[in-house]
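Here is a protein model to question. Each label gets checked against its cut-off.

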Amino acid sequence: MKIISFGDVHEDTKNLGKLKDELESADLVIISGDLTNYHGKSAAQIVINSVKKYNNNILAQPGNLDQHDVNDYLSQENINLHGNGFVFNDLGIFGVGGSNKTPFNTPTEFSEKEIEQFLLAGYEKVKNCKVKIMVPHMPPKDTEVDAVGPGIHVGSSSVREFIEQYKPDICICGHIHEARARTQIGDTIILNAGMFSKGGYIEAIYRDGKVNAELKTVK
């Protein structure tokens with residue numbers, strides 16, 4: 001099973017065409033959050049429909065810059081990862097959208113307790129899967145993927161604690177554009193692809209009961 005994932009689209013879909021071959025050959029496309037730039041359903045629908053030109057198998061969730069009706073729209077389409085989980089044979093994928101609190105009062109922010117509850121709700125649906133991919137829009141705190149400057153880490157403590165406790169195989173996150181990186185907490189591989197307009201995406205391959213994921217760049 002081949003998965004292509006990206007996030008922080010912010011309505012800029014120009015790189016989709018350059019990713020045509022990868023998208024068309026993928027079994028699943030995951031959009032990890034921030035489909036829009038402070039907009040709602042209609043803008044999110046344009047992004048989803050743009051991806052559907054290449055692949056109809058999509059999971060997505062709102063980021064902190066998406067209005068609340070984006071969450072409703074994705075749920076109506078039965079593709080919403082936020083507080084939800086999906087099972088593909090022995091592979092479980094679950095997520096949480098929005099972000100932890102920011103200084104900017106963005107449209108979709110949650111307390112750390114709420115983030116934990118959303119993750120638990122999604123995990124419950126995939127807990128019996130042998131392999132798990134966790135998709136929080138916000139990165140785990142105190143890692144390479146949540147740094148906005150030297151020594152300034154703005155990720156979610158709940159996301160980090162969840163990884164430490166439940167040990168998903170892969171964690172795909174976003175939110176912090178400048179923190180494109182691949183890192184680990186324990187055995188969990190964590191990837192932040194950065195902004196999609198900058199060409200960042202993730203390829204994950206699930207085969208023979210194992211999943212491997214790598215950062216890629218649109219060429």
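**Salt bridges, rings and burial**

Q: What makes Lys52 and Glu77 a salt bridge?
A: The N to O distance between the side chains of Lys52 and Glu77 is 3.6 Å. A salt bridge needs a side-chain nitrogen of Lys or Arg within 4 Å of a carboxyl oxygen of Asp or Glu. So the pair qualifies as a salt bridge. It links distant parts of the chain: Lys52 is in helix α3, Glu77 is in the loop between α4 (68-76) and β4 (84-88), and they are 25 residues apart. Helices (H or I, at least four residues) and strands (E, at least two) are DSSP runs, numbered from the N terminus.

Q: What kind of model is this, and how are its residues numbered?
A: This is a predicted model, in which local features need pLDDT of at least 70, side-chain atom pairs count only at pLDDT 80 or more, and totals for chains, interfaces and linings use all residues. Residues are numbered from 1 along each chain as its sequence is written, and side-chain values use heavy atoms, with hydrogens and water left out.

Q: Why is Lys52 called partly exposed?
A: Its relative accessible area is 31%. Buried means under 20%, exposed means over 50%, and partly exposed lies in between (1.4 Å probe, protein chains only). Lys52 therefore counts as partly exposed. Glu77, at 34%, is partly exposed by that rule.

Q: How many salt bridges does the structure hold, and what makes Lys2 and Glu203 one of them?
A: The structure holds 10 salt bridges. Lys2 and Glu203 meet at 4.0 Å, N to O. Lys2 lies in strand β1 (residues 2-6) and Glu203 in strand β14 (residues 200-207), so the pair ties together parts that are 201 residues apart in sequence.

Q: Are Lys2 and Glu203 buried or exposed?
A: Lys2 has 14% relative accessibility, so Lys2 counts as buried. Glu203 has 17%, so Glu203 is buried too.

Q: How do you know that Lys216 forms a salt bridge with Glu203?
A: The closest N and O atoms of Lys216 and Glu203 are 3.9 Å apart. That meets the salt-bridge rule. Lys216 has a relative accessible area of 30%, so Lys216 is partly exposed. Salt bridges that share partners join Lys2, Glu22, Glu203 and Lys216 into one network.

Q: What makes Phe94 and Phe162 a tilted aromatic pair?
A: By the ring rule, the count comes to seven aromatic pairs. Phe94 and Phe162 form one that is tilted, at 5.9 Å centre to centre and 55° between the planes. Rings of Phe, Tyr and Trp (its six-membered ring) pair if their centres lie within 6.5 Å; planes under 30 degrees apart count as stacked, over 60 as edge-to-face and the rest as tilted. Phe94 lies in strand β5 (residues 91-96) and Phe162 in helix α6 (residues 157-166), so the pair ties together parts that are 68 residues apart in sequence. Phe94 has 0% relative accessibility, so Phe94 counts as buried. Phe162, at 4%, counts as buried.

Q: Why is the pair of Phe162 and Tyr166 called stacked?
A: The ring centres of Phe162 and Tyr166 are 4.3 Å apart and their planes lie at 25°, so the pair is stacked. Phe162 and Tyr166 are four residues apart in helix α6, so about one helical turn separates them. Tyr166 is partly exposed, at 26% relative accessible area. Phe94, Tyr123, Phe162 and Tyr166 form one aromatic cluster.

Q: How do you know that Ile133 is buried?
A: Ile133 has 0% relative accessibility, so Ile133 counts as buried. Ile133 lies in strand β8 (residues 131-136). Not counting residues up to four places away in sequence, Ile133 touches several residues, including Phe94, Ile170 and Val211. Contact means heavy atoms within 4.5 Å. Ile133 and Phe94 are 39 residues apart in sequence and 6.5 Å apart in space, C-alpha to C-alpha.

Q: Why is Asn55 called buried?
A: Asn55 has a relative accessible area of 6%, so Asn55 is buried. Asn55 sits in the loop between α3 (41-52) and β3 (58-60). Leaving aside neighbours within four places in sequence, Asn55 is in contact with Leu23, Ala26 and Val29.
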